[in-house]
Amino acid sequence: MENTGLSLVTVVLFLPMVGFTILLFLRNSEQIKWTAFGTSIVTFVASLLLWAGFDGNQPGLQMVQQWEFLPQVGASFYLAIDGLSLLLVILTTFIMPLAILSSFRAHVLHERGREKLYYMLMLLLEWAMIGAFVAHDLIVFFIFFEFTLVPMFFLIGIWGAENRMYAAIKFYLYTLAGSILMLLAILYVGNAAGTFSTPAIMVMIQSGELVIPFDGIFSPQSFLFLGFFIGFAVKVPIWPLHSWLPDAHVQAPTAGSVILAGVLLKLGTYGLARFAIPLFPEAAVAWAPVVAVLAIIGIIYGAWVSYAQTDVKKLVAYSSISHLGFVVLGLFSMTTAGYQGAILQMVNHGISTGGLFLLVGMLYERRHTKALDAFGGIWKVMPIFGGLSLIITLSSMGLPGLNGFVGEFTILMGTFGSDVLGFFFALFATLGIILAAIYMLYMFQKVFMGDVTHDENNHLEPLHWQEYAVLIPVVALAIIIGIQPAPFFATMGATVTDVVAKIAPFITSVAQLP
Amino acid sequence: MENYPQLVPLLILIPAIGAFFNLMWGSRLREEAAATIGIIASALTFVIALLLYAYLQGSGFEAAVVNPPFFDGWIRLVGIEIPWQMRVDTLSVTMLLFVTGVGTLIHVYAKGYMHGDSRFARFFAYLNMFLVFMIILVTGNNFLMLFVGWEGVGLCSFLLIGFWFDKVKGVGWRNSNAARKAMIVNRIGDFGLMMAIFLTFWTFGTLDFYKPGELAVPAGAHGEEAAHSEEAAVAEGEGEHAVTEEAAVVDEHAASDEPVYTDNEHIPTDQLGVFGKAQRYIAEELDVDLGPFSLPISTVITLITLFMLLGVAGKSAQIPLFVWLPDAMAGPTPVSALIHAATMVTSGVYLMVRSNVFFHEAEFTSLIVTIIGASTAIVAGMIALGQWDIKRVLAYSTVSQLGFMVAAVGIGAYGAAMFHLVTHAFFKALLFLGSGSVIHGVEHGHHLAHGHGHGGHDDHAHEEEAHAGAHDEHAHAEEDFDPQDMRNMGGLRRKMPVTYITYLIGTLALAGIFPFAGFWSKDEILADSWVAGFYDGKLSGFIALALLIVAAGFTAFYMWRQIVLVFHGEPRTAAAERAPESVPSMIIPLMVLGFFSVFIGFMNTPAGIGFDSIFGAHAFTDWLGHSVLHAHAGEFNVLIAGGALTIAIAAIFLANGIYSRARRTVEAGQDPLEIRNGVSTLWRVANARMYWDQTYSRFVEQPFNRASKFLADTLDWAFWHDYFHDTVLAKGFRTMGRILANPIDLGIIDGIVNGVGRLARWIGGFLRPIETGYVRTYAVTLLIGVVVVIVLLLLPLIQRG
């Protein structure tokens, strides 16, 4: 198993750290900015090479790199990609340059300074996020998973809005508290298996070498599952564990919100897809209806609460709860369609909600407010911005022909055809598409339509080229995925089929339980 | 000619390019250029539609399935394959022909109508974009492509209703409200359609209507014969695949023990499209396993069609979701004509006709469909009686006519529904464009009459200017003057003769007067409901017949009321006095549409009334019959035709009598019916639009908003966020911390803290930039907290290892 050569995965993982190191020695603000941006672009290109070299027909891990790390506990630095992680790695490397570029003109950076620290934290964050997506060792994953909190904590705490410390600490404590249960579960599993490497553990589970007792919804396997689940559920966040999210989003600087919504939340759903479900298939199947109910409550509740918000950013923040409810629902449908849809929807949500936060940031830079009432008629003043915003809004709303629809549709399709969930789950979840139209159009109308009622809005600065450069890739990707999602599905197809096929036997076995 | 279907992707590509071009560079183009791009794009699609028509004529009506180049598949999952694939058959070409034909005329009209608008090019971009989605809707060969078009046209409708979103004094806000309302109400319908799609997929394993090579209508199996063959199949087959497969494809000759195989017979079931499979499943009386429960195929189809009906109610503005369409009149008039009268709103009917195999089977749904369609026809017809806004009358009229089509589907008259759909597209587009011409004229007249500080009224330059200002200063005019209010009109027939004549033609066509288009199509619906009721003994037939005849009377009445109020009598305002006739680019489309409104009905004259030799008997139904399995020609019924005609003429005379002599009442702002005993209450109810909107606002919208506020402010924020987290959790945590701190502080932790203290100072130094020490302490504590927890938990393992 030991790989001596350097895998491309490792290169992608450590490129941000190279940039990080270079930044240490730079003093000039321009140099710092462009180095950070350049690093993120290089990382993005490298991750595309990763995709180019990836064999979509092969279900297992590819481009494996394994180093020793804490051999005493059986943990190793096990890096690799497969269909589940590749797209999320690319999402991360895609979002980062946009987040960095959008920071160039951020008012708050000029006001509070510390640019160097800011960009270093950004790269550190990218490193940790990629690490969490490519690690296949529970301990290493956990370390990366937790480590993402640190740079994010500082990004919110230093460059956030008025209430930033409260939000930063809440964000931190909340996620940490959730993951302690997960850590206990990780330790139990590692102890029982004698290794923390998930591929090895999976093999042992499949061969019956490792049996985690399961005889109902309150059995050891269920508790372990719940340990993982709660850890990830806080991160997603799954209703009702979402209380940290509006605070964190509202207080975070634009780039922070973009990364938080775009990538960090996906760590939770990725964790469910990668660890919680495959490691504890019986418990996951047994708990699926409960989780799905929470997900559907989240879909409806998030949308409904969104609609009542008066702060644009908070509105978008709550919409994330609704969107990620779809992702969780898709995963727990335990069907290939649901799983594939969920993974694509993670990417979609990163694009569209990340895009929405970028839009809000651009409005904020011009008006220094996020109150819905402060806007109105912006489409007339900034027609192109209005048009691009409309596309991103529609993508988030799930208009067919754009990315959001493909994800939602496949998820709902999977839910409907699921042996675990089925008709009624799909029925209630589909109601979410009505609610999405209600709050998204409300937001769009409030901000962009109507007559210009505030005179300040008549003199908004037109879009800067850097802002175009940020928005156009988002819009382009939304359209591309909307029309041709086939390559994305193909990338994950084999892996997902494999994962779901391994769960499938347990669906019938759990159903036969008394 | 045989490769004409390969042109279908161009149908989408050409208007897409037009839209893109006008969106990107339109604002820099002269109006002339922007309009030309839009018109040419639209006209080219019409040419292609004509070529496709020629192809079908030449190929013996053989449907073609086309895969667009460069787009290999759309949603392709493991076990789920939904391609981008287009279908050319008589049904889709019918839709294409009038969508692109009427569409092109409206593009031409818009060039005149939108002249001077600040977003002129964008208007054409949106119109072209609408064509793109409408064409996707009608040519898609699967339900999901149809859905793409379905929501896409909804988006265009949103954009165009809200086109004047920025008008001052709150008008823009009202317009955008109307746009939002349209999209949200449609989404409610889309929810239904999506559920129908899921059910369809998990029942049939595909969403394709028909697979390539499969015949929608097997040769020889038509109309009632098809029903017989199914019965025969049911009788013969005992659920056995081999037996039923044979039985399902025999036609009426089954009884004579001499099965005649049709062309689908050699196709295995799993290679058929949705409708082909449906027929076999029905024949087999298959049970469908839907996860939590298993249902017989007929129940599943009933469910599918009921969900579909919700979608239809949204898009085709039926009870209970019709409330968006009247508000949609906030859009520019060409939009009302194209989208909200002729094309988009009929897509619900198209969907049902496309799914006629389903609806034919689902008797319960068909009854519901009839009830909804017929009551919509009568309710909307009644509301139209009490409206003053010229476009609002037409809007409710559209709702009412859509009700006719839906009811026709309900009674199984798919051919009649499509026939009325096509004729209606012409005369309703004509009426809307005519009303636009009237509004334009009156607005103009208003500007001329009031001069707006300018001198000579008659000079041409000024006219242009006033014209240009017409929209931008719309709100200005609206302060005290509403150019759409029929009370401000009167006597326009002399001012706007072409508009008058064409409007009259449209009115007579809509009212169903012989020999105009509406007569033929409406009569066929009524005659079919007669057949359904009296011959087939279907309840739906009686319901449709009773309600639709009354609705037809309403139609004639409110249309003639409009003619009298707008065109007859004397002008009631200075604006009407000075209203000029519209420009040629607006008048010419009116004349073309007028021509079709007179003659288009002859394409489907019933057999045996003397037109057979000239126009052929029910030619249109036969043509549709090549793709619509259950399309069947209606029989001519003298009683019905005569009766309906009498009612319509009587209604016209009645309206003429009432409104011609009511000049003074109308000038006082009242309707003669409003002050007449006995009907005044009824008129007020109609005028208040039967309180539908108020009811929804009170019982749906407001509770929804209140619940939303409650959830957000009270439950989520005050309780969950503030009380539970900040008070209960945080305080509890702090208390626990204090209790735990006592023993721990004594020594154990001290050592560790001292140890990491140095590390803390180092990191602290690194983080010095942070403004407050407070932040730093917190941060470092947290960071160390993570490390400590991990180390502590790992410790036992490390020692053991």
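Mentor: Let's start with a term: a residue is buried if 20 or more other C-beta atoms lie within 10 Å of its own, exposed if 12 or fewer, and partly exposed in between, with C-beta atoms placed from the backbone. Some ground rules too: this is a predicted model, where local features need pLDDT of at least 70, side-chain atom pairs count only at pLDDT 80 or more, and totals for chains, interfaces and linings use all residues. Residues are numbered from 1 along each chain as its sequence is written, while chains are lettered from A and ligands numbered from 1 in the order in which they are written.

Trainee: Is A:L149 buried or exposed?

Mentor: A:L149 is buried: 24 other C-beta atoms lie within 10 Å. You'll find A:L149 in helix α7 of chain A; helices (H or I, at least four residues) and strands (E, at least two) are DSSP runs, numbered from the N terminus.

Trainee: Which residues is A:L149 in contact with, leaving aside its neighbours within four places in sequence?

Mentor: Two residues are in contact if their C-beta atoms, placed from the backbone, lie within 7 Å. For A:L149, those partners are A:Y172, A:T175 and A:L176. A:L176 sits 27 residues from A:L149 along the chain, yet their C-alpha atoms are separated by 8.4 Å.

Trainee: How many residues of α7(A) are buried?

Mentor: Ten of the eleven, so α7(A) is largely enclosed by the rest of the structure. Among the buried ones are A:P151, A:F153 and A:W159.

Trainee: What does chain A look like overall?

Mentor: Chain A has 21 helices and two strands, and 67% of its 514 residues count as buried. Along the principal axes, its C-alpha atoms fill a box of roughly 70 × 55 × 40 Å. For the radius of gyration, taken over C-alpha atoms, the globule rule is 2.2 Å times the number of residues to the power 0.38. A compact globule with 514 residues would come out near 24 Å, and chain A has 22 Å, which agrees.

Trainee: How confident is the predictor about chain A?

Mentor: pLDDT is the predictor's confidence in each residue, from 0 to 100. Where it is low, the predicted coordinates should not be read in detail. Chain A has a mean of 89, with 99% of its residues at 70 or more. Among the elements of chain A, helix α4 (residues 107-112) has the lowest mean pLDDT (80), and helix α14 (residues 312-332) the highest (94).

Trainee: How many residues does each chain bring to the contact between chain A and chain B?

Mentor: Chain A brings 65 residues and chain B 60 residues. On the side of chain A that touches chain B, the largest share, eleven residues, comes from α19(A). That side has 41 nonpolar, 19 polar and five charged residues. Here Ala, Val, Leu, Ile, Met, Phe, Trp, Tyr, Cys and Pro count as nonpolar, Asp, Glu, Lys and Arg as charged, and the others, Gly among them, as polar.

Trainee: And what is a nonpolar core?

Mentor: A nonpolar core is a set of buried Ala, Val, Leu, Ile, Met, Phe, Trp, Tyr and Cys residues joined through C-beta atoms within 7 Å. The largest one here has 473 residues, and A:A276 and B:F198 are among those touching the most other members. Domain 1 (1-219 + 262-296 + 324-339) and domain 2 (424-687) of chain B both give residues to this core, so it lies between them; the domain bounds come from an automatic or database domain assignment.

Trainee: How far apart are the C-alpha centres of those two domains of chain B?

Mentor: The centres of domain 1 and domain 2 of chain B lie 28 Å apart.
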